[in-house]
Amino acid sequence: MTNRQTCDNGSIPLAHRPAPRERPPEPGAARSPTDEMYVQTFATPADAATDTQLESSSEHIDGLGDDAFWNATLGMVFVRNGDRAFAVTSPSLANLSADPQATNPVMVGLAKIVLRNS
């Protein structure tokens, strides 16, 4: 006989569930607390004003929304579609020392997914 409590539906309450096991990293995968990603949405052009100031120092991306650019230093893809916009950013100190262009295809691919689902 176990000493576990159950809910009316038979499930185990969170407080009594065993702690999840940490999944080991994939072979060759980087594991760092700096591996993060942000998706920021902007409802109006005014909301996106800070990010659009980066466009002149960024690389234009053809065929993505009405306007899009890649900022390698920030690891950011910015996409405007009509009055709405979003930015997908992977901030990492590695962008300052490694080859930031290496993440460009991945970030543009993610931006295409966000655009398709927005």
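Biologist: How many helices and strands does the secondary structure of the chain come to?

Modeller: Three helices and five strands. Here helices (H or I, at least four residues) and strands (E, at least two) are DSSP runs, numbered from the N terminus. From that end, the elements run β-α-β-β-β-β-α-α. A word on the source: this is a predicted model, in which local features need pLDDT of at least 70 and side-chain atom pairs count only at pLDDT 80 or more, while totals for chains, interfaces and linings use all residues. Residues are numbered from 1 along each chain as its sequence is written, and side-chain values use heavy atoms, with hydrogens and water left out.

Biologist: Thanks! In what order do the strands of the sheet stand?

Modeller: The general idea comes first. Strands of a sheet pair through backbone hydrogen bonds, either parallel or antiparallel. Two strands count as paired if DSSP finds at least two bridges between them. In this model, five strands form an open sheet in the order 1-5-4-3-2, with antiparallel pairing. Strand 1 (38-42) and strand 2 (59-60) are at the edges with a single partner strand each, so one side of each has no neighbour in the sheet. Helix 3 packs on the sheet and touches strand 2, strand 3, strand 4 and strand 5. The direction of helix 3 makes about 145° with that of strand 5; axes are lines fitted to C-alpha atoms, for helices over the stretch in contact, and angles run from 0 to 180 degrees between N-to-C directions.

Biologist: How many bridges join strand 4 to strand 5?

Modeller: Six, and the two strands run antiparallel. Across this pairing, R80 stands opposite A85 in strand 5.

Biologist: Let me look at A85, then. Is A85 buried or exposed?

Modeller: Buried means under 20% relative accessible area, exposed over 50%, and partly exposed in between (1.4 Å probe, protein chains only). A85 has 8% relative accessibility and therefore counts as buried. Across the chain, buried residues make up 24% of the 118 residues.

Biologist: Which residues is A85 in contact with, leaving aside its neighbours within four places in sequence?

Modeller: Contact means heavy atoms within 4.5 Å. For A85 the partners are Q40, T41, F42, A48, F78, V79 and R80.

Biologist: Which residues make up the largest nonpolar core?

Modeller: A nonpolar core is a set of buried Ala, Val, Leu, Ile, Met, Phe, Trp, Tyr and Cys residues joined through side-chain atoms within 4.5 Å. The largest one has eleven residues: I61, L64, A68, W70, V77, V79, F86, V88, M107, V108 and A111. Helix 3 gives the largest share, three residues. A second, separate core has seven residues, including F42, M76, F78 and A85.

Biologist: How many aromatic pairs does the structure hold?

Modeller: Two. Rings of Phe, Tyr and Trp (its six-membered ring) pair if their centres lie within 6.5 Å; planes under 30 degrees apart count as stacked, over 60 as edge-to-face and the rest as tilted. F42 and F78 form a tilted pair, 6.0 Å centre to centre with 40° between the planes. This pair links distant parts of the chain, with F42 in strand 1 and F78 in strand 4, 36 residues apart. F69 and F78 form a stacked pair, 5.1 Å centre to centre with 20° between the planes.

Biologist: Which residues do the ring pairs link into a cluster?

Modeller: F42, F69 and F78. F42 and F78 are buried, and F69 is buried as well.
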